[in-house]
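Here is a walk through a two-chain model with a ligand. Have the structure open on one side and the text on the other.

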Amino acid sequence: MQDNNEDEYLMLSGIQHFIFCKRQWALIHIEQQWEENVRTVEGQHIHIKADQPLIREKRQNKLIVRALPIKSTELGATGICDVVEFIQNDKGVSVFNSKEKYLPIPIEYKRGKPKKDDSDVLQLTAQAICLEEMLLCAVDTGYIFYNEIKHRVEVPISEENRIRVRKMFKEMHHFFNNNYTPKVRTGTFCKSCSLQHICMPTLMTKQSVSSYIERVLKE
Amino acid sequence: MRKLLNSLFITSPDVYLTLNGENIVVKKEESDIGRVPLHNLESIYAFGYSGASPALMGACAERNISLVFLTKNGRFLAKVIGESRGNVILRKAQYRISDSDSLSLLIAKHFIIGKVYNNKWILERMTRDYPLRIDLSMFKEVSRELSKNLIEIKNATDLELLRGYEGQAAILYNKVFDQMILQQKEDFFFKGRNRRPPMDNVNAMLSFAYTLLANDTAAALEAVGLDAYVGFLHRDRPGRVSLALDLMEELRGVFADRFVISLINKKIVNKNDFFVKENGAVIMIDEARKKFLKAWQDKKQEKIKHPFLGEKISWGLVPYAQAILLARHIRGDLDGYPPFLWK
Ligand code: SF4
């Protein structure tokens, strides 16, 4: 994904779907099967934040920017950072319209509490990769704020997670380019999947259609 | 499986439909005569020439509620379609199949296998439930013929042959149709299908039932992202929902025909529900139409076990389940289209 074909950019928020179930991701992002499709969901996301001061808020040594659109050519992905805190730092970079130098720290807001899987962490890592690419600087840490515990958790942006994010987007692009919706091993997680009635997880363990017809006609 | 929501039937021709907040408001001469929350609705059918406000149309399109306008007699006039769900990949795959006779044949065969199999079992059920009221040997004979017909359908090598076998099956089934009418025989009889216009009470009801079924099926296909106008068995014709007609083949007998027959046999309708025009065309009176729609709605809530999915769903969701299964086959998840085989 080195060209600038921005139409093919995938949504960063898809990481959580992809980790939950690759098929769910494909149904949403390739087949656009969503009661209210993802675009509107992201739209609401922006909307909530846009009610707050959109541009920068300056607090001592910090610039706080909300709903910052980001992208990465390397990942071929695009999305929105809930909040980016730019911390004044001599090793930082100059940002548009300011004299000082800053280092960016992405902060992701989650409604619930910390999850068992690492989809939040990987999403934050992907945001860090985007910010590094757009600002030409290093981002080695970020935060996730969990509303249920009203607490932010510090997350180091590790090399290992960067590799996982890159691998994941590679795989997503591969599916996307081939319009391929994977059949996956279904499981108890299907019970909490909002796309059950479209996916029909039972189909994946089903008899073939030809044997179904043969069997019924013989009865 | 998704929830089956209600259909709202607007049967007075002189009302106007508007949006108020999250509600549909039915207005008659400036006063509100009804109000229903949109979130309970799956479809709205307006019979007659009532109008609707653009705001309501927009709200329906956004929420995927099908808003359909029909004439008083149930002939389709127009429907509101929102921004397409962007499923061009699925649709292109559908068009590729539709353009190829050999690929179309594979799916079309399954529609017809479903239709003939279900019709055979309608007859088998009659022999079980009413052995003393019907010509048993004739029913058994027709059922055997339909079984032979099924094998021919399975082996059909082109679409023309398939249509031929379907025609033969229809003749066989129609031969005993009249015998399934067990009550009010002097007013309700079936001598053959006629529809433009229907010339007897039974045909008037069949036409109405098929229109409702075609609308439900078309809405289900559009909801899963397929193009209801591009079929595999029915040829393309402007304004014809060919794929909806294809998909409803398996449901005509088992849903619509049985429904109409039960209205007669249970004496829910009677001869006073119909009106004969000067030229012999038969029209249902408004009251009859209301009874019909009410019973139709009740029938849609009845549960059955889906033969392929093995899940309990309501009859009303069957077109939707079949539309999903068809889409899943077109996308390559399933090795074929599994027809709805009822017994
Ligand atoms: S129902 Fe199960 S297999 Fe299907 S998309 Fe959801 S989680 Fe994945």
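**The chains**

Keep in mind that this is a predicted model. Chain A is built from 7 helices and 7 strands. If you trace chain A along its sequence, the elements come in the order β-α-α-α-β-β-β-β-α-β-β-α-α-α. Of its 219 residues, 46% count as buried. As for contacts in chain A between residues at least 6 apart in sequence, 60% join residues at least 24 apart.

Chain B has 9 helices and 12 strands. Buried residues account for 58% of its 343 residues. Its C-alpha atoms fill a box of roughly 60 × 50 × 40 Å along the principal axes. How does the radius of gyration of chain B sit with that of a compact globule? A compact globule of 343 residues would come out near 20 Å, and chain B has 20 Å, so the two agree. Take the contacts in chain B between residues at least 6 apart in sequence, and 62% of them link residues at least 24 apart.

**Around the ligand**

Where does the ligand sit? The ligand is in the largest cavity. Its surroundings are Phe20(A), Cys21(A), Gln24(A), Leu27(A), Val184(A), Thr186(A), Phe189(A), Cys190(A), Cys193(A), Cys199(A) and Pro201(A). By type, that shell splits into 9 nonpolar residues, 2 polar ones and no charged ones.

The buried ones are Arg23(A), Gln24(A), Trp25(A), Ala26(A), Leu27(A), Ile28(A) and His29(A). Two names on that list, Gln24(A) and Leu27(A), also turn up around the ligand.

**Two positive phi angles in chain A**

Most residues other than glycine have a negative phi. Against that background, have a look at Lys150(A), with a positive phi near 45 degrees. Lys150(A) belongs to the loop between strand 6 (141-146) and strand 7 (151-156) of chain A. Its relative accessible area is 58%, which is over the 50% cut-off, so Lys150(A) is exposed.

Met200(A) has a positive phi as well, near 50 degrees. You'll find Met200(A) in the loop between helix 6 (196-199) and helix 7 (209-218) of chain A. Is Met200(A) buried or exposed? It counts as buried, because its relative accessibility is 6% and the cut-off for buried is under 20%.

**Single residues, at a glance**

The table puts some residues from both chains side by side by accessibility.

| Residue | Relative accessible area | Class |
|---|---|---|
| Gln127(A) | 1% | buried |
| Ser98(B) | 15% | buried |
| Tyr229(B) | 26% | partly exposed |
| Lys27(B) | 28% | partly exposed |

Start with Gln127(A), which is part of helix 4 (residues 119-135) of chain A. Which residues does Gln127(A) touch, not counting those up to four places away in sequence? They are Leu12(A), Ile70(A), Ile80(A), Cys81(A), Pro106(A) and Glu108(A). For a sense of distance, Gln127(A) and Tyr180(A) are 53 residues apart in sequence and 26 Å apart in space, C-alpha to C-alpha.

Ser98(B) is in helix 2 (residues 88-99) of chain B. Setting aside neighbours within four places in sequence, Ser98(B) makes contact with Ser104(B), Val230(B), Gly231(B), Phe232(B) and Asp236(B).

Tyr229(B) comes from the loop between helix 6 (201-223) and helix 7 (242-265) of chain B. From Tyr229(B) to Pro339(B) you go 110 residues along the sequence, and the C-alpha atoms are 20 Å apart in space.

Last up is Lys27(B), in strand 3 (residues 23-28) of chain B. Leaving out neighbours within four places in sequence, Lys27(B) is in contact with Asp14(B), Val15(B), Tyr16(B), Thr18(B) and Asp32(B).

Key
Residues numbered from 1 in each chain as written. Chains lettered and ligands numbered in written order. Predicted model: local features only at pLDDT ≥ 70, side-chain atom pairs only at ≥ 80, totals over all residues. Heavy atoms only, no water. Near = heavy atom within 4 Å. 1 Å grid on protein atoms, 1.4 Å probe; cavity = no way out; pocket = protein on both sides within 12 Å on 5 of 7 lines; lining within 4 Å. Sits in = over half its atoms within 2 Å of the grid points. Nonpolar A, V, L, I, M, F, W, Y, C, P; charged D, E, K, R; others polar. Helix = DSSP H or I, 4+ residues; strand = E, 2+ residues; numbered from the N terminus. Rg over C-alpha atoms; globule rule 2.2 N^0.38 Å. Buried < 20%, exposed > 50% of the residue type's maximum accessible area, 1.4 Å probe, protein only. Contact = heavy atoms within 4.5 Å.
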